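Here are some exercises to work through with the model open next to you. Try each task before you read its solution.

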Amino acid sequence: MSQAPLRLNPDLDIAAAAAAYRRDGWVQVPDIFTPETAGFLAELLEARIDWDLAFQGEDGRPAVLGRKEIVGQGEAALQQRLRRMMTQAGSGYGFLYLAYPLITAYLAGRDPGHPVHGLTEFLNADFVRLTTAITGRTDIVKADGQLTRYRPGDFIGLHNDVGSEASDRLVAYTLGLTRQWRADWGGQLLFHDAAGDVIRGHAPRWNTLTLFSVPQYHSVAPVAAYAQAPRLSVVGWLRNAGR
Ligand SMILES: O=C(O)CCC(=O)C(=O)O
Ligand SMILES: [Fe+2]
């Protein structure tokens with residue numbers, strides 16, 4: 001696979017997206033990449049990633065286990081950890097999905113020469129410029145990110161994205177790369193009000209950017225047991241320089 005340059009759609013209506021974001025605190029932009037770039041990225045997520053298993057760990061921090069760590073601890077121990085996480089998800093917070101941590105992998109020299117690293121560079125160049133223009137947040141200096149792949153049963157519980165890192169999460173983004181999805185397959189990005197009702201729900205989409213300001217309460221609905229495709233996206237936060 002070539003290291004093709006990643007290109008945003010040159011015909012994006014940035015002024016319209018900016019007006020919507022500044023009015024509503026969120027915006028969705030369809031056709032965010034050129035068709036070639038969207039196809040390239042989708043193929044990457046569909047077929048070329050050695051996924052980690054990500055879930056809320058016992059210590060309240062994300063557990064991100066590579067293939068070797070999963071084999072190392074054994075299937076029974078992992079299943080026990082996941083059961084504990086599910087109990088915790090019901091009374092507090094939890095999540096479960098497959099992930100590839102872009103910044104950690106880039107800095108650690110994981111998968112040398114892999115085209116995924118071009119995406120990490122793109123996120124911290126053209127994408128930071130685009131999202132600064134849409135949100136008007138001139139304090140954005142960098143993007144973190146992870147690839148995510150949701151299988152049946154995967155989910156994220158209710159949370160508001162407020163982190164504890166040295167740099168603040170200013171704006172959350174998702175780049176949807178799910179080619180096809182059915183309305184009853186779950187996996188929607190849901191925004192919730194104080195009464196527990198859903199304010200908005202976004203189905204997994206193809207070649208679509210979603211931006212929303214932090215903090216806002218949201219969740220990812222569990223993917224249905226009978227869903228016939230993975231939910232694929234690039235997600236993360238646009239951050240300031242921090243302390
Ligand atoms: O995948 C999504 O649509 C949202 C992900 C999310 O809320 C998160 O990673 O904090
Ligand atoms: Fe979130």
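**Exercise 1.** How many residues lie between β9 and β10 in their hairpin, and which residue in the turn has a positive phi?

Before the solution, some housekeeping: this is a predicted model, where local features need pLDDT of at least 70, side-chain atom pairs count only at pLDDT 80 or more, and totals for chains, interfaces and linings use all residues. Residues are numbered from 1 along each chain as its sequence is written, while chains are lettered from A and ligands numbered from 1 in the order in which they are written.

*Solution.* Start with the strands, which are DSSP runs of E with at least two residues, numbered from the N terminus (helices are runs of H or I with at least four). Strand β9 covers residues 189-192 and strand β10 covers 198-202; they pair in the antiparallel sense over four bridges. Pairing here takes at least two DSSP bridges between two strands. Finally, the turn: five residues sit between the two strands, and Gly 196 has a positive phi of about 90°.

**Exercise 2.** Is Ala 183 buried or exposed?

*Solution.* First find Ala 183, in the loop between β8 (169-177) and β9. Then count: 8 other C-beta atoms lie within 10 Å, so Ala 183 is exposed. The cut-offs, with C-beta atoms placed from the backbone, are 20 or more such atoms within 10 Å for buried, 12 or fewer for exposed, and partly exposed in between. Across the protein, buried residues make up 31% of the 243.

**Exercise 3.** Which residues are around ligand 1?

*Solution.* Use the rule that a residue's C-beta atom, placed from the backbone, must lie within 6 Å of the molecule. That gives Thr 148, Ile 156, Asp 161, Thr 174, Leu 189, His 218, Val 220, Ser 233 and Val 235. Two elements give two or more residues each: β12 (218-220) and β13 (231-239). Now sort by class: four are nonpolar, four polar and one charged. (Nonpolar means Ala, Val, Leu, Ile, Met, Phe, Trp, Tyr, Cys and Pro; charged means Asp, Glu, Lys and Arg; the others, Gly among them, are polar.)

**Exercise 4.** How much of residues 137-240 is helix, and how much is strand?

*Solution.* Over this stretch, count 0% helix and 48% strand, then check the end C-alpha atoms: they are 9 Å apart.
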